Amino acid sequence: MQDSEEFALRRAVIETARELNRRGINVNKSGNISARFREGFLITPTGIPYESLIPEDIVFIDLKSGGFTGKRLPSSEWEMHAEVYRARADAGAVAHCHSAYATALACQNMPIPAFHYMVAAAGGDSIDVVPYETFGTHALALRAAEALQKKNACLLEHHGSLSLGKTLGKAIALLAEVENLARQYCIVRSLGEPRLIPADEMARVVQKFKTYGRQPGDKE
Ligand SMILES: [Zn+2]
């Protein structure tokens, strides 16, 4: 497996998981990271610290059968990742964590409204809270996938934050941006009633974001 595309992707999943901890977005191993691969996806295993992960620890999940191959058990939230990939053909990676500010808002069932234009990075004029379901259940997976059918990120009530992207880098960049926005929103709220961007302006910003950061010649 050493030189294969699969090996490289397994290493990238591990690097991305470690990056979440380095950036302080995730603590210990409560988050999980996956990348689409062939007919399924590669995901971090349950219960192993990111620092000691090796490529062979990453688990492959077949999207058709839901079966997995590998010597480890997958993250307890593997069904959430699976349902997101089923719901979004354009998702190349999924990232989940319990970052402090996003989780605080999720615990209070407080969506992030259009207080800042960057909210549109998640694909709409708000970042919504998915109603509570027990962690690791199919019910949570279905609710999360339903939310990510319309947008690229959401909060999970009494739980944490979930983002997708075309690549691993884009998925964790959005996860980091949601945490940044959540922190800013908490500060804004401490200053008084948040002032919001009008709906027509946010619609314009959402459109603009569809081409944001793209260079001439880039594929969509
Ligand atoms: Zn979680």
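Mentor: A pocket is an open set of grid points with protein on both sides within 12 Å along at least five of seven lines, and its lining residues have an atom within 4 Å of a point. Please keep in mind that this is a predicted model.

Trainee: What makes a residue such as Lys29 part of the lining of the second largest pocket?

Mentor: Lining residues need an atom within 4 Å of a pocket point, and 16 residues line the second largest pocket, with Lys29, Ser30, Asn32, Ser75 and Ser76 lying nearest its centre. The space in this pocket comes to about 180 Å³.

Trainee: How many residues of that lining are nonpolar, polar or charged?

Mentor: The lining divides into 3 nonpolar, 11 polar and 2 charged residues, where Gly counts among the polar ones.

Trainee: How do you know which atoms coordinate the zinc ion?

Mentor: Donors here are N, O and S atoms within 2.8 Å of the metal, and the NE2 atoms of His96, His98 and His159 coordinate the zinc ion at 2.1 Å, so they meet that cut-off. Water is not among the atoms, so the site may look incomplete.

Trainee: Where in the chain do His96 and His159 lie?

Mentor: His96 belongs to strand β5 (residues 93-97), whereas His159 sits in the loop between β7 and β8 (160-165), and the pair, 63 residues apart, links distant parts of the chain. The spacing of the donor residues in sequence is H-x1-H-x60-H.

Trainee: Are His96 and His159 buried or exposed?

Mentor: Both are buried, which means that each has under 20% relative accessible area.

Trainee: What makes Asn109 partly exposed?

Mentor: The relative accessible area of Asn109 is 42%, so this residue also falls between the cut-offs of 20% and 50%. Asn109 is found in the loop between α3 and β6 (129-130), and has a positive phi of about 50° without being a glycine.

Trainee: Which residues of the largest nonpolar core touch the most other members?

Mentor: They are Ile112, Val119, Ile127, Leu155 and Val178, out of 23 residues in this core. At least two core residues come from each of α3 (100-107), β7 (153-156), α5 (168-190) and α6 (199-209), and α5 gives the most, with 5 residues.

Trainee: What does Ile112 touch, leaving out residues up to four places away in sequence?

Mentor: Among its contacts are Leu105, Val119, Ile127, Leu155 and Val178, and contact here requires heavy atoms within 4.5 Å.

Terms used
Residues numbered from 1 in each chain as written. Predicted model: local features only at pLDDT ≥ 70, side-chain atom pairs only at ≥ 80, totals over all residues. Heavy atoms only, no water. 1 Å grid on protein atoms, 1.4 Å probe; cavity = no way out; pocket = protein on both sides within 12 Å on 5 of 7 lines; lining within 4 Å. Points joined across faces, edges and corners; volume = space filled by probe spheres on them. Core = buried A, V, L, I, M, F, W, Y, C linked by side-chain atoms within 4.5 Å. Buried < 20%, exposed > 50% of the residue type's maximum accessible area, 1.4 Å probe, protein only. Helix = DSSP H or I, 4+ residues; strand = E, 2+ residues; numbered from the N terminus. Donors = N, O, S within 2.8 Å, 3.2 Å for Na, K, Ca; no water.
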